[in-house]
Amino acid sequence: MLLSEQDQFLSYNGEVLVFQLSKPKHAEEADDKTTNLCVRRMAFNRDTKLFIQKSSGVFSVHASHSKIEMICCSCTTDSRTGIILPCVLMKKKKRNNIKYFVLLLHSSNQFEQSFYFKLDYELKEDITLFAGPSVLWRQANKLFYISSNTCMVQSAPVQLSSVVWTGEIVGEGTVALGIRTACLSETEDADGFSVSDRDIWGSEFFGYAIQTQKMLTGTCFMPHAYSRVVSSVYICKSERWKKQLQISLVAITHKNQLIWFQSGVPKGVCELPYEKPWSVKPAVTSSNDLLFVVSFASGNSCVVQRRDSLQVASKWQKVKCVLVDDFIGSGSEQLLVLFKDDSNTDVLSTFKITDLGEVNYASGINYKHDVPAAEGLQENGLLTVRALETRLQAGWTSVRELQQHLGLQKRVILESCRALIDLVEERTHILPNAKEVKCRWARSLLSLVSLWDDVENPPHSRSKETSLASKVPEHFTEELWQRVVGDSLVVGVKLTESFYLSLSDVSLSLVMDQDFSSISPVIKCQSKIFKLNKAFSTLAVSSSQIEPPPKKMKLDLLSKKDLKKEFPKRSSRIQLDGAKTVTAVTSLSPLLAFHHVCCIVLLHARKQNHQNDSLQQSKKITVLCGKILLSVEDISNGRYSIKILRDNSYCTGSVEDILAVLAVSVRFSFQIVSSDCTLTPVSSWLLGEMECTPFKECQDNIFCHKAGNVNGTIFNWTLKNPFEGVLTVSCRNLTVLFQCLHSLTRVLPPSCSVKLLRSGSKAVLTEQLALALEKEILTLKNSLFLKETKAENSLTWGNESGKKINNAPLASLLDTEEGVQQFRKKLQNEREESVQSMNQTMNGALYQKMALKIAEAQLSSDMIVWRLS
C-alpha cells in the first residue's frame with residue numbers, strides 16, 4: 001500500500017498502527033466512490049529485525065461529492081469502560097457543510113463511530129483528543145470542546161491566544177493549559193494572579209478545568225514571564241501536597257530551548273540543535289533514564305536526556321515521526337524513529353529502535369549474515385554493562401550481610417544487658433538455647449552457632465529437652481496496649497514472631513485482680529488476631545525523583561534469588577512482613593462501675609512440639625502477659641482514646657489505633673467482577689464520594705471521613721486485574737454496610753457482579769483445607785493402628801495354648817484316631833479365634849476419646865469447606 005500525506009502513525013501496546021485513506025483510481029470516478037479508512041497493525045519481529053503485519057481493518061465512508069480527511073489520532077480512554085483505545089478524528093467536507101466524526105478502534109479491528117458534530121468552519125488550531133473520547137480546539141481566541149457524553153459543542157468562558165497542553169491533573173480532571181493576554185480586573189485579583197506579571201509581560205499562563213469549569217493559577221505551572229516564548233508543554237507529574245498543587249513539567253520555547261520546571265521554578269535548561277520546535281513527549285528507558293523527544297517543524301528530531309543536567313543525547317534529520325512504546329517487549333520504553341525515504345514506498349521501511357543504551361535496532365542491516373562492526377561493539381558494551389551490574393549486585397549483597405551482622409551484634413549486646421540486669425536484681429537469667437537463637441536471630445545465616453550453648457542437642461539431654469519444650473520464653477511479648485473505642489475496651493498483645501510460630505488456637509482473657517465475692521472475676525471478651533503490612537507508598541514528590549515511574553517492572557534472576565532468600569517457603573499461616581497482635585474486646589461500661597479496675601491479661605494457646613509430628617504432642621498453655629489499669633479519670637481525659645486525624649492526603653494514627661478500630665468492627669469481603677468495563681470507578685468512589693484517605697502507617701487500609709453513620713469505616717480495595725477486585729469493608733454494624741453497598745452500586749456499571757466472600761482468601765483456605773484433611777486422615781490412621789495393635793496382641797495371646805499342636809506334623813496327626821481328634825480340636829480353636837478377631841471390643845473411655853478426635857478433625861475440615869463454598 002502506497003504512503004500518502006494523509007497517513008497517520010500511532011503506537012498502541014507495543015504495536016504500530018498505520019492509518020491510511022484509500023484514494024480513487026480515476027478522477028472521474030471520485031463522485032461515486034466510497035473512501036476506505038484502513039488500519040494495519042504492525043509488530044516488530046526480533047528474529048528478522050523487521051516490522052510485520054499482524055492484522056488489518058477497514059472502515060468505509062460514503063464520499064459522494066465529499067472530501068474525506070484524517071485530522072489527528074491519539075490513544076484516549078473510553079468513558080464507558082475505562083479502557084484506553086485508539087481514536088481517530090475524521091473530517092467530511094461537502095461544499096460549506098463540514099462534518100466531523102470520532103472513531104474508536106477495538107481489538108477486533110472494528111471501528112466504532114463514537115459521535116459526530118457539524119461546524120460552519122474548519123478546525124485548524126490546537127486540536128486535541130482526550131478522554132471520553134472528547135475533542136478540544138481553539139477558534140478565534142476562544143476554547144471549544146465536545147464530549148461523547150454530551151455530543152454538544154460547548155465553549156469555555158475564557159479568551160486565549162494559544163493552548164500549550166491538554167491532559168489530566170490530579171484532583172482537577174482534564175485541564176487545558178493556555179496563554180492569554182494579561183488583563184487586570186477586580187474579580188481576578190481575588191484569584192491570586194500576579195499584578196506585576198500582567199503589567200510587565202502583558203500575558204499570563206492559566207489552566208482551565210473542563211469538568212469543573214474552574215480556573216487554575218498559572219504560576220503553579222511556570223512564571224508568567226515565560227508565556228511569550230513557550231510554544232509547547234508536557235506535564236510529567238502532578239500531585240497535591242498540603243493542599244497545594246505541585247507540578248513538574250518541561251517546556252519548549254521559540255528561543256530553541258527546553259526548560260525543566262518544578263513547582264513553578266525553573267530547574268534546568270538545554271539549548272536545542274534545530275529551530276522551530278513544536279512538540280515534546282517523554283520516554284522512560286530500561287535504566288530508568290528520563291528522555292524527552294523534541295520534534296521540529298523542519299522534520300528533524302532530537303532527544304534530551306535528564307540526569308545531573310539536561311543535555312542533547314542524540315539527534316536525527318528527515319524524520320517522519322517519533323513514537324514511544326515497548327516495541328521489543330523488554331518491559332521498558334524505546335524510541336521508534338521513522339525516517340522519510342522517497343526511494344522506498346513500503347510502510348515502516350526505514351526506521352531505528354533505540355533507548356540510547358542497550359537497545360539499538362536499525363533497518364537495512366542483515367543481522368543473520370553480515371554483522372557490522374558497530375553491532376559487535378554494541379554487544380561488547382552490553383556484556384560490559386552486565387558485568388558491572390553483577391558487581392553492583394555483589395556489592396549490595398555484601399552491604400546487606402554487613403547489616404545483618406550488625407543487627408546480630410546489637411541483639412547480643414541487648415541480651416547481655418538483660419543478663420546483667422537480672423544479675424544485679426538477683427534473678428536467675430534463662431539463656432536461650434542454640435536452636436532458639438539460630439531460629440530467631442540468624443535465619444539467613446545458617447552456619448551461625450549460639451554464643452550461649454556450645455553443644456546443640458547433646459545425647460544425654462533428651463529428657464531435659466523434652467521438659468523444657470513446654471516452657472515459655474521469658475521475652476515473648478513486645479507490647480501490651482489498651483484503647484477505648486465507643487463503649488468497648490480493646491486490649492492488645494503484640495507477640496514475638498519466634499513465640500507465635502509455635503502456637504495455635506491463640507486467644508486472650510481478662511481477669512480482674514480485685515477480690516469481688518459477688519461477681520465472677522473472669523471478664524467476657526472476644527479475641528481476634530491481626531497482622532498489618534506496613535507498605536509505604538512511593539508516590540511522594542521529592543526534588544530528587546520527579547520523573548514518572550516505568551510502565552512495567554521486571555525482576556532479574558538475581559533479584560528472584562534474593563526474594564527466595566528473603567521469603568523462604570513456610571506454612572500459610574506464617575507471615576514474615578508483620579508482627580502478630582492478639583486483641584480482646586469487652587464491654588467498657590460494666591468495668592467503669594468499679595471506678596478503678598486492675599485486670600490481668602492471660603494468653604491461652606496450644607504449644608506445638610516441633611520434634612515430633614504426632615498429633616498428641618500439642619499442649620495447652622496459659623501465659624501471664626501483664627496487667628492493665630483503667631479508671632474513669634483516664635477515660636474522661638481521653639488517655640486511651642483513638643487518635644485518627646486527617647492530615648492532607650493521609651490519616652495519622654498509630655498501628656494500635658488502627659487495630660483497635662478493626663477489632664470492634666465487623667468485616668465483610670466482596671468480590672467485584674466486571675466483564676466489559678474496568679473497575680476504576682471503585683477507586684474514584686472511595687477517594688471521592690466516601691472521602692477516604694489511606695493510613696500513613698498502613699496504606700493498604702483507607703479510612704472513611706464522610707459525615708454520618710459511615711464515618712470511621714475502614715476499606716481495603718485490592719485489584720487482581722483491571723476487571724476483578726476484592727473490597728473488604730470493616731464497619732460498626734450491618735446498617736453501615738448496607739449504606740456503603742447502596743452507595744457503591746450506584747457508581748458501578750450494570751454489568752458488574754458483587755459476591756459476598758467467606759472469611760479468608762481462596763488460596764489460603766485451600767491450603768488450610770488440605771492441612772485439615774491431612775489431619776483428619778492421620779487421626780483415622782492412628783485410631784485404626786491402635787485397634788489393629790490390640791487385635792494382634794489378642795491373637796498372639798490366644799495362640800500360646802496351641803503352640804504344640806501347630807508344631808506337630810500334619811501327616812502324623814491323621815494316622816491315628818487320637819491325631820484326628822487333636823486336628824479337629826485345633827481347627828475348632830482357630831475358627832473361634834477368627835470369630836474373636838472379627839468381633840473386637842474396645843474400652844468405652846478409649847472409644848469416646850477416639851470418636852471425639854475424629855469428630856473435631858471432621859468439623860474443622862467441614863468448616864473450611866463451608867467457607868470456600
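Predicted model: local features only at pLDDT ≥ 70, side-chain atom pairs only at ≥ 80, totals over all residues.
Residues are numbered from 1 along each chain as its sequence is written, and side-chain values use heavy atoms, with hydrogens and water left out.

The average pLDDT (the predictor's confidence in each residue, from 0 to 100) is 76 for the protein, and 74% of the residues score at least 70. The pLDDT falls below 50 over residues 186–191, a stretch with eight contacts (heavy atoms within 4.5 Å) beyond near neighbours in sequence. Residues 534–578 also have pLDDT below 50, and this stretch has 67 such contacts in the model.

A nonpolar core is a set of buried (under 20% relative accessible area, 1.4 Å probe, protein chains only) Ala, Val, Leu, Ile, Met, Phe, Trp, Tyr and Cys residues joined through side-chain atoms within 4.5 Å. The largest such core has 37 residues, and those touching the most other members include Phe19, Met90 and Trp137. Strand S7, residues 97–105, gives the most to this core, with seven residues; strands are DSSP runs (E, at least two residues), numbered from the N terminus. Apart from this core lies another of 29 residues, among them Leu495 and Val601.

Thr713 lies in the loop between strand S41 (702–704) and strand S42 (714–721). A polar atom of the Thr713 side chain lies 2.8 Å from the backbone oxygen of Val710. Leaving aside neighbours within four places in sequence, Thr713 is in contact with residues including Phe703, Cys731 and Cys740.

Conventions:
Helix = DSSP H or I, 4+ residues; strand = E, 2+ residues; numbered from the N terminus. Polar contact = N/O pair within 3.5 Å; in protein donor to acceptor, adjacent residues only side chain to side chain. Buried < 20%, exposed > 50% of the residue type's maximum accessible area, 1.4 Å probe, protein only.
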